[in-house]
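Keep the structure open as you read.

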Amino acid sequence: MDTAVSPFPDDVEALKALLAATLQRADQAEAQLANAQAQASATEAMIAHLKLQIAKLRREQYGASAERSRRLLDQMELQLEDLEGDASEDDLAAEAAVAKTTSIPAFDRKKPSRKPFSEHLPRERVVIPAPCSCPACGGNRLSKLSEDVTETLEVIPRAWKVIQTVREKFSCRDCETITQPPAPFHVVPRGWAGPSFLAMLLFEKYGQHQPLNRQAERFAREGVRLPTSTLADQIGAAAFALMPLYRLIEAHVLAAQRLHGDDTTVPVMAKGKADTARLWTYVRDDLPFGGADPPAALFYYSRDRRGEHPRAHLTSWSGILQADAYGGYSELYAVGREPGPILEAGCFAHARRKFFELADVEATARRRSRGERASHIYPIALEAVQRIDALFDVERAISGKGSSERLAVRRDLSAPLMDGLHIWLTAQMAKLSRNHDLAKAINYMLRRWDAFTRFLGDGRICLTNNAAERALRCVPLGRKAWLFCGSDRGGQRAAVFYTLIQSARLNDIDPQAWLADVLTRIAECPVNRLGDLLPWNWRPRLI
């Protein structure tokens with residue numbers, strides 16, 4: 001009977017050597033696999049990073065301001081976050097696998113560069129104790145040559161405190177008169193909330209879109225239990241206290257000779273349902289034509305979108321209004337209007353968007369890949385986009401320059417482009433049926449040609465209404481968090497706080513720090529000095 005030959009040696013030492021070699025090969029295979037996975041993750045993260053950069057550059061170049069493009073960029077940011085996290089995790093796994101073997105080098109990933117921490121942050125030095133003697137020879141004659149500093153960013157958790165303001169009461173032994181210092185001012189009568197707490201509450205709700213119920217839950221987790229109704233009471237009182245500043249910003253905005261106007265929906269609670277109300281904004285922004293007046297955004301609330309609302313908002317104003325083609329503005333443009341005429345300036349971003357949707361090759365391909373009905377791609381729409389983009393190229397070169405210089409360049413470069421665009425649009429319109437999608441996009445411009453060419457005669461006018469759309473962007477973001485306003489009064493309060501916060505942002509002021517300081521000082525500020533508290537005049541008090 002034949003005996004099978006064993007593939008393993010009989011000698012114990014030889015078996016140990018074979019096992020060690022097998023384990024080493026397994027470690028090498030594991031290290032190679034981990035290196036490959038780390039390299040793939042790093043490559044994927046780099047591709048996502050480059051795609052995001054390209055998308056941002058395209059958005060800056062072509063001036064896309066639609067909420068859809070903003071959402072796509074946000075989605076790409078989230079995707080990049082996850083991919084960078086995956087790459088970091090795989091990189092560490094590869095290092096751990098390579099540590100088991102000496103024959104395979106670890107994959108060296110190019111990590112995102114980090115800028116130095118801000119200089120204003122306080123530094124705490126933690127010095128590792130130096131050796132008392134030389135570890136090589138044991139000598140104790142050591143002299144310091146230099147030091148290496150490693151900076152680690154740390155955060156101190158939010159600290160709550162109760163400030164006890166003591167008012168001592170005295171009695172005069174001569175006349176028995178009792179005296180006591182006056183009670184300190186609170187924004188809320190008999191209030192308990194300090195100005196910094198109120199500013200945080202307001203900014204979290206209207207600047208960071210955190211409803212009061214979520215804030216109350218977070219406060220409770222930190223050991224401070226405050227009912228939502230109590231917090232809401234502070235919001236109402238703060239709105240009353242800050243109303244004078246809202247009125248000053250309103251007067252500043254309505255003193256402009258040119259405004260951007262727009263509106264967006266905001267759900268509001270009704271009996272058993274939610275109605276669709278409106279938040280309107282009017283933005284004063286003179287920076288594109290080198291104006292010296294500070295920018296500001298003014299918000300109003302209304303229960304519907306009837307044209308009577310913008311007429312009421314601008315009842316005493318006259319000038320140039322840059323807005324979309326909303327019919328409610330039509331009476332504002334009437335000849336002979338009192339107290340003066342309002343001239344319409346068209347928005348090329350709205351006009352371009354209508355053509356871009358008909359020339360969006362990528363969106364059409366995505367719809368078809370999902371089996372959805374996709375619209376046709378029209379070469380005429382693509383050419384219209386290119387012609388409008390040529391106007392934007394001229395505008396980018398003169399942004400921020402004086403109105404007279406802008407006007408001279410427009411007459412030299414933009415006027416011929418507009419003449420050619422009008423001739424081309426008219427010729428294309430003659431070839432299309434009246435109900436064609438392209439005909440509607442072309443008619444949008446031709447019917448308002450005077451409004452679209454008004455920028456050729458006034459260097460202050462912008463090509464787009466993007467300033468108003470940017471100011472309104474906070475509302476759609478908030479809708480996703482708080483879903484709806486609880487009442488009409490709630491919508492009006494939202495308009496007040498959006499005005500304050502967005503105006504502070506337009507002037508590069510930290511809204512929360514500004515609100516905290518204003519709430520501290522507004523009671524002692526004379527009426528004729530309230531203008532000093534406006535965002536563009538504000539100077540924080542030195543402590």
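**A crossing of two helices**

Helix α3 (residues 195-207) packs against helix α15 (residues 488-506) at an angle of about 95°, and their axes lie 10 Å apart. That makes α3 roughly perpendicular to α15, a label for angles of 65 to 115 degrees; under 35 is roughly parallel, over 145 roughly antiparallel, and the rest oblique. The axes are lines fitted to C-alpha atoms over the stretch in contact, and angles run from 0 to 180 degrees between N-to-C directions. Helices (H or I, at least four residues) and strands (E, at least two) are DSSP runs, numbered from the N terminus.

This is a predicted model: local features need pLDDT of at least 70, side-chain atom pairs count only at pLDDT 80 or more, and totals for chains, interfaces and linings use all residues. Residues are numbered from 1 along each chain as its sequence is written, and side-chain values use heavy atoms, with hydrogens and water left out.

Which residues meet? From α3 come Leu 202, Phe 203, Tyr 206 and Gly 207; from α15 come Arg 493, Ala 494, Phe 497, Tyr 498, Ile 501 and Arg 505. Contact means heavy atoms within 4.5 Å. The contact of α3 with α15 divides into 7 nonpolar, 1 polar and 2 charged residues. Here Ala, Val, Leu, Ile, Met, Phe, Trp, Tyr, Cys and Pro count as nonpolar, Asp, Glu, Lys and Arg as charged, and the others, Gly among them, as polar.

Now turn to the rings. There are 13 aromatic pairs. Rings of Phe, Tyr and Trp (its six-membered ring) pair if their centres lie within 6.5 Å; planes under 30 degrees apart are stacked, over 60 edge-to-face, and the rest tilted. Trp 160 and Phe 219 are edge-to-face, 5.2 Å centre to centre with 80° between the planes. Trp 160 sits in the loop between α2 (67-98) and β1 (170-171), Phe 219 in helix α4 (residues 212-221), 59 residues apart. Phe 219 is buried at 0% relative accessibility, while Trp 160 is partly exposed at 31%. Buried means under 20% relative accessible area, exposed over 50%, partly exposed in between (1.4 Å probe, protein chains only).

Tyr 206 and Phe 497 have ring centres 4.9 Å apart and planes at 25°, so the pair is stacked. Tyr 206 lies in α3 and Phe 497 in α15, so this pair ties together parts 291 residues apart in sequence.

Last, the cysteines. The whole structure holds 0 disulfides, defined as cysteine sulfur atoms within 2.5 Å. For Cys 137, the nearest cysteine sulfur, that of Cys 134, is 3.9 Å away.
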